[in-house]
Amino acid sequence: MPRKRKNADSEVSSTRPNNRSSSSVIAAGGGTAADIKKLSHTLGLPTDAVTAIMNCQGQGVRSSRRGGGGAGGDDGAAAAAAAMDPSMMNVWGDFMNEEMETAPAAPAPAAASKEASSSKPAASASSSNNGPRSYILPIQPHAPTPGLLAQTGTLDSSVPGRSSISKTPAKHELECPTLLFPTSVFGKDVKIAHIATSPTACHSVAITTTGKAYGWGRNETGQLGLGYTSACVPLPTELTIPGEENEVTFVAAGVGKYHTILLGSNGLAYASGGNACGQLGINNMGVKQIEKFRKCSVMGQIVDDDDEVNVKIVQVACGEEVSALLCSSGHLYTTGSSEFGLLGNGETGEYIITAGRLGYANCAKFMRRNVFVQSEADATIAAGGTMSVGGGVDSSGKVKCLPLDDGSQISLGSISCGKNHFVAVEAATTSGSDVPRVFTWGSVEAATTSGSDVPRVFTWGSGGYGCLGHGIQADEYYPRLVGSLRGPIFANNHPVDAVAGSNCTLVRTKHGHVYYVGKHRQVGEATMRFTLIDALANNSHNVVAIGAGSATVFCSTKAGVTVSWGMGSHGELGYGAGENKSSAKPKFVNDLDSCLVTALACGMGHTLFLIRNEDAEDAKALKKVAKIEADDVSQFVEQIKGKKADADADEPAKKKQKSKKK
């Protein structure tokens with residue numbers, strides 16, 4: 001039986017009309033049945049609970065169930081006492097508690113733990129009232145459904161950030177998503193398993209299902225590891241490790257502004273490119289640039305005589321001049337620039353070099369970071385206490401943070417890096433049984449029958465535009481728990497992954513909701529706290545892939561709809577020829593209508609898509625997508641070769657001139 005899939009025209013959106021099935025008002029404030037259904041989907045609550053909240057109109061009316069069943073006797077006294085408790089006057093808490101009565105009851109020990117913790121504010125930032133977390137290990141590389149590679153934006157990597165595209169775009173300037181050399185470079189039956197670029201990068205990496213890595217784009221610091229430098233590598237070119245060309249296959253890649261890190265299936269990491277701040281992690285700060293891939297140095301990593309490695313690296317994320325690795329145990333390793341607290345080690349090591357010039361205690365080797373913190377205010381509220389006005393800050397006005405008790409045991413499941421900040425999502429956990437796990441948030445208790453603790457989200461680094469999600473523009477020197485992404489709403493709709501743009505952060509939840517913080521456009525105000533993208537959630541979009549670039553944001557849904565917004569002077573928004581180069585709100589990428597995009601990667605001046613190609617319906621949708629082969633850009637390739645030849649001819653003269661100056 002053929003699979004049914006919505007297309008962009010039938011998908012409900014904020015920009016397309018929706019014919020409601022019912023317009024009758026059933027709740028206070030003019031709420032219709034359709035409104036209640038949308039709120040129910042957004043909040044993850046039954047429609048009855050949402051209707052009750054709406055009809056309450058914020059007046060704190062209690063249900064009869066919460067009142068103990070009657071007005072007289074001990075039950076009536078208990079209800080009266082409860083009514084005098086300020087913590088019980090919260091309407092949201094009332095209805096969440098009421099709703100949770102329908103969930104399976106938690107075991108007695110957990111209830112006792114909650115009772116004890118609510119009687120006194122926590123003295124430290126406890127990780128859980130259910131004891132240490134048990135993680136689902138080993139952590140695996142990101143594994144989206146493989147498919148075909150598409151790109152929108154320019155193939156001339158020497159242009160972004162320096163000049164704009166011509167008024168009459170050439171063939172290599174892709175204004176809509178275009179299948180990238182599916183036959184001439186990759187081969188007819190080859191599928192791509194992993195794509196990588198980053199908000200500050202003008203180069204990209206794609207890895208096939210057989211473990212071959214291909215790189216293209218800017219190569220001015222040897223970041224593609226080809227043994228030479230050039231302003232642009234126009235076609236995807238196979239990347240290899242010197243001396244191990246036929247031995248190492250790859251599973252993932254990370255791309256920074258000046259460097260690239262490849263992860264081998266053997267658990268080792270390899271880096272090439274600029275190393276001004278030690279971001280390659282080769283344990284040599286004196287080497288400022290390498291043009292061929294070299295093995296990274298990771299703290300505690302040992303390769304035995306059988307080529308087995310004790311610390312197996314499975315994920316990588318790169319910023320402008322910083323890099324981070326995750327091993328199969330979910331442990332975090334960082335190297336590179338310590339500015340903004342990017343290393344997550346609690347300091348920048350700032351010092352004065354000369355007047356007006358600062359230096360930082362950068363790192364040249366991947367070191368493990370195992371201190372995770374939580375603000376004192378979040379810890380107190382989560383434990384059931386209250387925080388007075390002005391509390392939770394020190395005498396200088398800085399937020400007080402407490403180390404998490406389980407910091408050394410925390411395992412991360414995914415990590416992403418923007419220009420100068422990181423976001424990481426904790427690994428999935430299991431209790432090893434079907435007994436519901438219970439957590440508390442203020443006066444609200446929530447239960448989940450998944451046998452798992454809710455994964456936590458951590459951010460650190462530069463806090464410009466509020467991109468860390470803590471409500472302030474302040475740098476964080478340790479990975480800090482994002483308190484707003486916890487609580488009853490996330491009990492059964494927890495965060496699963498996150499991406500960082502240049503100055504923004506997106507978090508995707510289990511049910512496909514996306515939360516945004518920061519700013520990715522030059523105009524407008526910054527969003528200082530994580531906010532639901534309601535144009536997607538309210539219209540039943542189940543987002544499966546997210547991406548954020550230099551000034552762009554993308555979301556792709558389970559129904560085959562892709563939207564983008566932001567600014568893209570090089571066509572990276574993918575709207576097509578003659579369309580606007582910017583959008584303030586999510587807008588359909590019509591050329592990807594009905595295409596199931598399984599992964600997104602947003603760079604500077606370009607965007608990458610991984611499009612599924614599993615069945616006849618996928619093939620039908622792909623027929624509408626533009627395609628480009630090597631022959632179509634042969635003239636552009638020859639121009640690039642000519643420019644490189646001229647640059648190579650001038651190199652001896654430049655070196656001679658430099659030596660004279662010395």
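Leu536 is buried, at a relative accessible area of 5%, where buried means under 20%, exposed over 50% and partly exposed in between, with a 1.4 Å probe and protein chains only. The model is predicted, so to speak, with local features needing pLDDT of at least 70 and side-chain atom pairs counting only at pLDDT 80 or more, while totals for chains, interfaces and linings use all residues. Residues are numbered from 1 along each chain as its sequence is written, and side-chain values use heavy atoms, leaving out hydrogens and water. Leu536 sits in helix α7 (residues 534–537); helices are DSSP runs of H or I with at least four residues, strands are runs of E with at least two, and both are numbered from the N terminus. The C-alpha of Leu536 lies 8.4 Å from that of Pro586, 50 residues away along the chain.

On to the cysteines. The disulfide count is zero, taking a disulfide as a pair of cysteine sulfur atoms within 2.5 Å. For Cys318, the closest cysteine sulfur belongs to Cys417 and is 7.6 Å off, so a bond is ruled out by distance. Cys504 is in no disulfide either, its nearest cysteine sulfur being that of Cys467 at 8.1 Å. Cys318 is buried at 4% relative accessibility, and Cys504 is buried at 0%.

Glu245, Glu247, Asp304, Asp305, Asp306, Asp307 and Glu308 make up a negative surface patch (residues with over 30% relative accessible area and no salt bridge, like charges joined within 9 Å, nonpolar side chains within 5 Å; a salt bridge puts a Lys or Arg side-chain nitrogen within 4 Å of an Asp or Glu carboxyl oxygen). Asp304 belongs to the loop between β12 (289–295) and β13 (313–318), and its 36% relative accessibility makes Asp304 partly exposed.

Conventions. Accessible areas come from the Shrake-Rupley method with a 1.4 Å probe; for residues, only the protein chains shown count as cover. Lys and Arg count as positive and Asp and Glu as negative; His and the chain ends are not counted. The place of a charge is taken as NZ of Lys, CZ of Arg, CG of Asp or CD of Glu.
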